[in-house]
Each structure stands twice: as C-alpha cells, then as structure tokens.
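Please view the sequence and the structure before reading on.

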Amino acid sequence: MRPPRPSIRAEQAPAASRFGRLDALRGIALVWMAFFHFCFDLSHYGVIEANFYRDPVWTWQRTLILSGFLLCAGAGQAIATAQGQTWPRFWKRWAQVAGCALAVSASSALMFPDSFIYFGVLHGMAVMLVIARLSAPLGRWLWLLGAVAVALPQFVQHPWFDTRWTNWVGLVTAKPITEDYVPVLPWLGVMWWGLAATQWLLARHPRWLVGATGAPAQGLALLGRWSLTFYMVHQPLLIGGLVLWLQFWRTPS
C-alpha cells in the first residue's frame, strides 16, 4: 500500500512573513472592497444612483469580494496550523476579530438603526475561524464538507432560522433586513475550501505561496498584512471625507 503523504510540521512551514503572494491577494480584496464601499457611500448620500441590494453589478461584486476574504482566511488557518500556532495565540487574534465585530455593530446601529449589522463578515468570521481551526486535521475531507456547506442552504430552509437569534446559521426562508449578512452557511464552505486548497499547496507546491512578490505587488502585500486594521478604518475615512466634500466643496446643483 502507498504510504500516506506526511503532514507539514511546524519546522517545515516557512515563516509567515514570507507568504507575500497570499498577502497580495488579500490586499487586492481590500482595495476592491474599499472601492465597493465608496460607491455604496456615494449612493447612500445621493451622489450616484445605484441599487446595491438588487442590481447584479453590485451583488455579484459583494459575493466575489467576500469569497476572496474567506478563501484567504481559510488559507491563513492552514498556514497557522502548519506552523504549529498555539491555541492561546489563536484566541488572541480571534479576540481582535470578535472585538472589531462588536465595534461594527455599535457603529452601524448609529448610522442604520433599523438595519444595523448584527452578523456581518467579522461576526461570521469569528464563528467560522473556530470551526476551521477545529476541523483543519480533516484534510481532503474539507473539500466535501465545503461543498455540503455551500449547497445546504439551497435545499434546506425553515422559519425557525428566520429570527435574529438563529438566522446566523443561514438556513433562512428570507434574507433579514440588515446592511451586512454573512451567515455560517454557505460561507463556511468557502473558508473550508481556502483551508483545503492551501493545505494541498503547502504539501505539494509551497513555493507557489512563498515566492517573492514583485515591486508593484509589495504595496498590496503590505496592505494585506494589515487587513483587519484597514477594514476598521477605511469606512470612517471614506465617509468622513465624503461628508466634508458634500459640506464644503460640492457645487450646489
């Protein structure tokens, strides 16, 4: 019988700072997200006309941006476990994500009191990161689990999941009224795929991840290493700048 392929031990995994290509991919997602949110802000303040809730031009962009973030988050968990990240270190990072999620809820309640964010991308990631960490040893089974997670909400919905206390699972009969909604299902499947794909790359083609980035991508890689900070500050800066422009510099129509 062919012996199983050995898993990557901590000493075999390259240092985290060398995963420039993954950081650059995360940076691309951040730039795209900032563009998307700036257009949303322009629409919210009446500068442009756009339907971010129904127009496929915008809904598909949101899906692709969110998928990119969750694939990168799954990849990060694959790298962290391969490098032997301890649970205390994991919980320290997790607490940062969870704390920022609470801050998003509080700030969105001020801006959108009737549709504030109570389970958005950071809330979803806080739950999914724990699941991804616990399920990382499943290896190739993560591909199948990811497919099940993505498909399940298409076939299983129940009114019990329509309340604010239960719709975070994702098996809802109707999307809740909120500015950002990232339930565990189907999005856990995307994170699982990112985890499985990166485990495969680390075991067979690690240089695809750790190769040096060229000069144009170095800025994106730097941005990607500060993804949580960028996520938290970009909207206040964009909205603040837009409000100032509307207040002082915009020519009255």
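## Cysteines

Cys39 is buried, with a relative accessible area of 9%; buried means under 20% relative accessible area, exposed over 50% and partly exposed in between, with a 1.4 Å probe and protein chains only. This is a predicted model, in which local features need pLDDT of at least 70 and side-chain atom pairs count only at pLDDT 80 or more, while totals for chains, interfaces and linings use all residues. Residues are numbered from 1 along each chain as its sequence is written, and side-chain values use heavy atoms, leaving out hydrogens and water.

The structure has zero disulfides, a disulfide being a pair of cysteine sulfur atoms within 2.5 Å. For Cys100, the nearest cysteine sulfur belongs to Cys72 and is 18 Å away. Cys100 is buried too, at a relative accessible area of 17%.

## Helix H3

Helices are DSSP runs (H or I, at least four residues), numbered from the N terminus. H3 covers residues 87-111. The buried residues of H3 include Phe90, Val97, Cys100 and Val104. These buried residues pack against helix H2 (56-82), helix H4 (121-135) and helix H9 (227-249), where contact means heavy atoms within 4.5 Å.

## H1 and H8

The axes of helix H1 (residues 20-44) and helix H8 (residues 215-225) cross at roughly 80° and come within 6 Å. Axes are lines fitted to C-alpha atoms, for helices over the stretch in contact, and angles run from 0 to 180 degrees between N-to-C directions. H1 is therefore roughly perpendicular to H8, a term for angles of 65 to 115 degrees. Among the residues in contact are Ile28 and Leu30 of H1 and Leu220 and Leu223 of H8.

Conventions
Helices (H or I, at least four residues) and strands (E, at least two) are DSSP runs, numbered from the N terminus. The expected span of a helix is 1.5 Å times one less than its number of residues. Angles under 35 degrees count as roughly parallel, over 145 as roughly antiparallel, 65 to 115 as roughly perpendicular and the rest as oblique.
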